Every structure is written in structure tokens, then in C-alpha cells.
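Colleague: I am new to reading protein models. Could you take me through this one, step by step?

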Amino acid sequence: MQAVFSSFFSRPHRVGLRAVALCAALMAAGVHAQMVDLDHITQLAKQRAAQPYSAADGRLPPSLAALNYDQVRDIRWRPERALWRAEQLPFEAMFFHLGLYQREPVLINEVSPQGTRHIPYRTADFDYGKNKVQPQSWGDLGFAGFRLHHHLNSPAYKDELVVFQGASYFRALGAGQQYGLSARGLAIDTVGGKGEEFPRFTEFWLVRPQPGDTQATVYALMDSPRATGAYRFDIQPGAQTVTTVRARIFVRGGSAGPIKTLGIAPLTSMFLSGENQPRKDDFRPEVHDSDGLMVATGEGEWLWRPLQNPRQVLVTSFATTNPKGFGLMQRDRQWSSYEDVEARYERRPSAWVRPLHHWGPGRVELVQLPTPDETHDNVVAYWVPQQLPAPGTPLEVSYELAWQGDEQQRPPSAWATQSRKGVGYTQQSAEALRTQVQYVVDFTGPALHDLKADAPVKAVVTSDANGRVLESGVYRNPATGQWRMTLRMERLRKDQPIELRAFLQHLQHAVSETWTHVILPE
């Protein structure tokens, strides 16, 4: 009996010794028992916002700084060393090397039930290709960013799911999609200030997934001269991958000056040409990652603005209170619209932002820049709150960002499927051709499907003071079953833009979204 009691009372002591040994091993491995959640990152962001901004050291080792674009691309993460691959977990992480344009390192940590550990840069994790470099002398450089992989399209292979790299940029994919537009954590003074400021994620925390998990979680700390932020990203892969974003943003006081335009949930895309703006020297009918901005206002109106490649910067906005959503959409999903076997623009995702709480009054702002080719992003859209928070007070924002493919957000009534500018065969005077603009816009949707061809559908068209509506009409296209609106406008001043609004009406009821377009000055 004495031996039994001795064994029983000594057991806690042995468990304690094992716990001490485990803690010592974890500390040696760089694991710290720090609870990481959005509140913890928020405290870091708040503390940093109360201090003067300190820019990151973008100096690279000379041999790395000397590498050109192709040489940096030749440095690749070894897939067999992907984080969580050995454990066969549902998600894996791989990391990007610094070099050339990516010069400012980000710190990356892993969060597990045992605690938090820093993930160091190790030369053995990378294949340096043909580069003649000695990375062993570089130390713990940090990383340029990371990507998560998951069984998105096949159980046999883990595809790229989401990438975080460069400033606060990130982008994701749904099943069958190909990378196109990007999102950002925050945009500052894209327009309206003395120059755009690009906040950057300086540190990430990747939450270790558990077997069977269907969602990945990432925390991020953001910093810039005039703002800091704490972010949580919950990434749910699928036919449309949904990224739920929760952010707490702090405005910095100090000598950097006030923020003129704070852009929430910014989206960045490319539009070179489309059916509304074809290029004579390009065999491809259209070249774009997105073809329009869609907005669901808090007042219940759905808006569609076709994108353009303007000759000069074009900034427009839509004021509303508590928007239901907005997004840069790639509605045209037909390969024949692009004819590009490499770029596959018909696979580029749409990005739809849905607020998860009332955002209050503000505006959705669209910025379109001129671009000579498809290698430059030239379209930005974001939400601008009417009022900025005071320094030290967080602006809390939460929203879903859905990366959508063939199945995507549509208005409940009907929507525009294409917007074509130009004239067919016509006998017009030279003066009419100089001053007049014609459009053909096709609509489809549930509100139109059951209407007979002779239904009294009309176009309700309005213009600003620089335009005059000369002619409009609506009829059902017998070839497609869609409804076609034709529109002829007169420009009073060619050097000024015209802003148009048009929707289809049946028996005094709106049966389509509002097509809103800017005729560019010449």
C-alpha cells in the first residue's frame, strides 16, 4: 500500500518536470507562449501609432541587390520544405525571397497550440538557380511575402490559394481561376493629397491549421507614415474563395500631415481595352482583368460603370450610406472575347466586397489611369468614409471579399452584359459624326426573361449639362433573347466629359441596374 501511495503522489512532480523540459525545448526552438489574436495585434498597432514612423531598412546584401529581374525570379522556395507539408495538413505555406523591387523584409511567425515562433530565413529552404551567390553570409534576411496552398482544384495537388506580397497587397483564387486583380489592406491619398502613400504589412502571423480544417487564418500588422493597422484574414477556399477581413486602423498624428483620402477595402486592377474601347493594332478583342465597377448602394440601387483606359486621370465616385457592396468585376467570361491562350483573361476573378456591419456615410471612389499596355495596373476602387477617426481611436472595419468566377454577384433584376460604342451603317453628316456618340448596351436577367418581345420596355436616360440625349430605344434581340438599348448623344463641348445614367423600365418599374458611363473628352 505504501508503494502505491508513493507512486500516486510523485506523479504530479514528474508531469511538472516534463512540462519544464517541454517549455525549455520550445524556448530553444524560438517558441513563445504568447496569445496571438486580433486584440494582441491591435495593441501593437496602437503602440506603433503613438510613436514616430520608422521606415524599414531596404538595404540588401550587395550580391543580392545586384541581381536583375530574371535572376531574382530564378530564386525559388523548395516545395518539399513547405511549412506544414511534412504533417500533411490541409494548408501549406511557402515564402518569397527578397530582391530587386521587394527590398523591405517582412517578419513571419507561426502560431500553434504550443505558442508563437519566428520563422527564420534559411538558405537551405531556397533554390538559387543559376545565380552565383553566397547566401550563407546574408544572415536572417526575412522574406518578401508568402503564399498559401490548398487542394483547390484537385485532391492530388495543392494549388496556390492566396498570396501576400508587396506593401499591403494580396490576391486569391477560387476554383478554376487564374490570378488577375489584387486587393490591398489600405489605400492612402490615391487621389486628393500630395502623393499616394502605400502602407505595408510589416509582420505576419500564420495560424497552424489542424487536420480537417477548411479555413486558413492569417494576422497582419500594418504600418505607414500616417496610419497603422491590425488585420485578421480568414480565408475560405472554394468555387469562390471568400476572405473575411477584420481590421482596426489607427491614424497617426504628427508632422506627416492629415490624410485626405482613406481608402477602405481597396481593389487594384487593369483595363487596357474592351468592347467599349477596342484597339486597332491588337488582334485580341479585349484585354482586361476587370470590365466594370459594380456598386450596391445603401439606398437599394445597383450601379454598373464600364471601365475605360482614359488619356488622363479620371476620378469618379458614388456617394451612399451603408453600402451593401462594391467590386471590380470580370463579367465577360467568354474565351472568344479575349483570344489570349496565355493570359486567359476569361479566368480572371471578380472581387466583390460585402460589408459585415454598417459603414455609415461615405463614397465608393473609382480611379482610372492611362496605361500603354497590360503590364500596368491602372484601375483602383475603394470605400472612403465620410469621417476619419481621431488619433488613438481605432476605425473598425469588417467585410467579406469574395473572389468569384463564372458564378458571381449580380443585381436581382437585370444587368448589362456588354457596352459597345460606335455606329453601324449610317448616313450622317461630318458634323454629326464629330459631335455625336452612339452606344449599344445589352441587358439580361430575371426581370427581363419572361417579358414578351412587344412588352413596353423603355430606356430612362439622363445626362449632365454637357450632353443632350438625341435618341434612345429598347428592343429584344431575337438572336440572344437579351434586351438591347441603343443610345445617341450629342456632346456640347468635346474637351469636357459627359456623365450618363440609363436603366430599363417596364410599366413604371425599373427592371435593370443603372448603367452609368463617362464619355471621355477628346
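**Salt bridges and burial**

Modeller: Keep in mind that this is a predicted model. Start with R491. Its relative accessibility is 5%, so R491 counts as buried.

Colleague: Which residue meets R491 in a salt bridge?

Modeller: Look at the side chains. The N to O distance is 2.9 Å. A salt bridge needs a nitrogen within 4 Å of a carboxyl oxygen. The partner of R491 is E522.

Colleague: How many residues apart are E522 and R491?

Modeller: R491 sits in strand β31, residues 483-491. E522 lies in the segment after β34 (514-519). The pair links distant parts of the chain, and the separation is 31 residues.

Colleague: How many salt bridges does a search of the whole structure find?

Modeller: Some of them share partners. One network formed that way joins E87, E110, R117 and R208. For the whole structure, the search gives 38 salt bridges.

Colleague: Which parts does the salt bridge between E92 and K158 tie together?

Modeller: The two side chains meet at 3.4 Å, N to O. Both residues are buried. E92 and K158 are 66 residues apart in sequence, so the bridge ties together separate parts: strand β3 (residues 91-96) and strand β8 (residues 157-165).

Colleague: Is R363 buried or partly exposed?

Modeller: R363 and E365 meet in a salt bridge of 3.0 Å, N to O. E365 is buried, with a relative accessible area of 5%. Buried means under 20%, and exposed means over 50%. R363 has 27% relative accessibility, so R363 counts as partly exposed.

**Pockets**

Colleague: What is the volume of the largest pocket?

Modeller: Its lining has 50 residues. Nearest its centre lie Y69, R73, Q102, Q165 and R171. The volume is about 1,900 Å³.

Colleague: Which element gives the largest share of that lining in the largest pocket?

Modeller: Several elements give two or more residues to it, including α4 (69-73), β3, β9 (169-172) and β10 (182-184). The largest share is four residues. Those four come from β8.

Colleague: How many charged residues are in the lining of the largest pocket?

Modeller: Sort the lining by class. There are 22 nonpolar residues and 13 polar ones. The charged residues number 15.

Colleague: Which element gives the largest share of the lining of the second largest pocket?

Modeller: This pocket holds about 860 Å³ of space. It is lined by 34 residues, and among the closest to its centre are K421 and E522. Elements giving two or more residues include β17 (271-273) and α5 (430-435). The largest share, four residues, comes from β28.

Colleague: How many charged residues line the second largest pocket?

Modeller: Use the classes again. The lining has 15 nonpolar and 12 polar residues. Its charged residues number seven.

**Nonpolar cores**

Colleague: How many residues does the largest nonpolar core have?

Modeller: Some members have the most contacts inside it, among them F95, F204 and Y231. Take F204. Leaving aside neighbours within four places in sequence, its contacts include V106, F146, F164 and V218. The core as a whole has 83 residues.

Colleague: How many residues are in the second, separate core?

Modeller: Its members include A416, A455, V511 and W515.

How values were computed:
Residues numbered from 1 in each chain as written. Predicted model: local features only at pLDDT ≥ 70, side-chain atom pairs only at ≥ 80, totals over all residues. Heavy atoms only, no water. Buried < 20%, exposed > 50% of the residue type's maximum accessible area, 1.4 Å probe, protein only. 1 Å grid on protein atoms, 1.4 Å probe; cavity = no way out; pocket = protein on both sides within 12 Å on 5 of 7 lines; lining within 4 Å. Points joined across faces, edges and corners; volume = space filled by probe spheres on them. Nonpolar A, V, L, I, M, F, W, Y, C, P; charged D, E, K, R; others polar. Core = buried A, V, L, I, M, F, W, Y, C linked by side-chain atoms within 4.5 Å. Contact = heavy atoms within 4.5 Å.
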